[in-house]
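The structure is shown first, and the comments follow.

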Amino acid sequence: MNPYCRTQFLLGKEGMERLRKSTVAVFGLGGVGGYVVEALARSGVGKLELVDHDVFSLTNLNRQILATRDVVGQDKVLVAARRIAAIDPEIQVNPRKIFYTPETAHLFDFSQYDYVVDAIDTVTGKLQLIQAAQAAGTPIISSMGTGNKLDPTAFRVADIYETSGCPLARIMRKECRKRGIPHLKVVYSPEEPISCTLPPDDPAWEELPQGRNSLPGSCAFVPGVAGLILAGQVIREIAQV
């Protein structure tokens with residue numbers, strides 16, 4: 001029995017073959033990127049390169065599909081690789097425990113990828129990633145902010161210069177203009193971020209990573225929707241449907 005037969009009904013045999021022959025790199029395996037990886041694996045993408053330096057923590061349990069109590073403290077890329085193998089052991093997985101930054105950009109050859117998914121948090125890393133992919137002629141899609149939001153139905157696909165309402169998209173528009181980046185496909189939500197405040201004695205403050213004095217609020221259903229939209233765009237474009 002072909003495990004992808006139900007998908008093939010929609011994408012066709014040739015579309016499935018294109019997915020099987022493709023290599024997709026996913027940068028960032030958090031609340032958004034984990035769902036991207038899940039959908040790509042369950043759609044039969046033949047090779048996945050996974051890039052993230054982080055390990056799972058208890059605070060990831062509320063929203064990250066790869067996070068469970070038994071993997072707390074483990075590398076996200078290795079946990080993701082095991083999950084993909086459990087879904088389809090024939091998928092080739094290249095887990096890379098590394099932060100993508102301007103300093104590590106030279107370690108990646110973007111000409112090897114058929115598509116790149118940007119699900120990282122830092123602006124400098126996102127900009128370097130976008131420039132490297134576009135210089136190699138490799139399609140890229142980028143996630144904008146999902147924190148402090150509660151409406152999963154608000155997400156949409158657009159060019160970065162058509163976005164509104166998202167603070168991260170606003171910064172990215174400005175920086176893309178400065179760098180002469182003519183276009184960038186993104187998934188974003190125009191929902192205004194919710195103001196998140198905690199009383200000084202709230203025990204949640206103890207959960208902040210060392211050196212951080214704030215973190216965005218997040219939930220189980222917003223980052224995942226953004227990740228599935230990102231994956232859907234990649235799958236349909238590679239399969240050419």
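The points below concern a predicted model and take up its sheet, its cysteines and selected side chains.

1. Sheet order. The model contains an open sheet of seven strands, arranged S3-S2-S1-S4-S5-S7-S6, with mixed pairing. The edge positions are taken by strand S3 (92-96) and strand S6 (156-159); each has a single partner strand, so one side of each is left without a neighbour in the sheet. From one strand to the next, the twist averages 20°.

2. Pairing of S4 and S5. Strands of a sheet pair through backbone hydrogen bonds, and the pairing may be parallel or antiparallel. Strand S4 (residues 115-118) and strand S5 (residues 140-143) run parallel and are joined by three bridges. Within this pair, Val116 of the model stands opposite Ile140 in S5.

3. Helix H4 on the sheet. Helix H4, which spans residues 123-135, packs on the sheet and touches strand S1 (23-27) as well as S4 and S5. The direction of H4 makes about 165° with that of S5.

4. Cysteines. Why does the structure hold zero disulfides? A disulfide is a covalent bond between the sulfur atoms of two cysteines, and the cut-off applied here is a sulfur pair within 2.5 Å. For Cys166, the closest cysteine sulfur is that of Cys176, at 12 Å, which is too far for a bond.

5. Burial of the cysteines. Are Cys166 and Cys176 buried or exposed? Cys166 has a relative accessibility of 1% and therefore counts as buried. Cys176 is likewise buried, its relative accessible area being 0%.

6. Surroundings of Asp75. Asp75 lies in the loop between strand S2 (47-51) and helix H3 (76-87). Its side chain makes a polar contact with the side chain of Lys97, at 3.0 Å. When residues up to four places away in sequence are not counted, Asp75 touches Asp54, Val55, Phe56 and Lys97.

7. Phe9. Phe9 is located in helix H1 (residues 5-20). With a relative accessible area of 67%, Phe9 is exposed. How far apart in space are Phe9 and Lys97? The C-alpha to C-alpha distance is 36 Å, and the two residues are 88 residues apart in sequence.

Methods: Residues are numbered from 1 along each chain as its sequence is written. This is a predicted model: local features need pLDDT of at least 70, side-chain atom pairs count only at pLDDT 80 or more; totals for chains, interfaces and linings use all residues. Side-chain values use heavy atoms; hydrogens and water are left out. Two strands pair if DSSP finds at least two bridges between them. Helices (H or I, at least four residues) and strands (E, at least two) are DSSP runs, numbered from the N terminus. Axes are lines fitted to C-alpha atoms, for helices over the stretch in contact, and angles run from 0 to 180 degrees between N-to-C directions. Contact means heavy atoms within 4.5 Å. Buried means under 20% relative accessible area, exposed over 50%, partly exposed in between (1.4 Å probe, protein chains only). A polar contact is a pair of N or O atoms within 3.5 Å; within protein, one must be able to donate a hydrogen and the other to accept it, and residues adjacent in sequence count only if both atoms are side-chain atoms.
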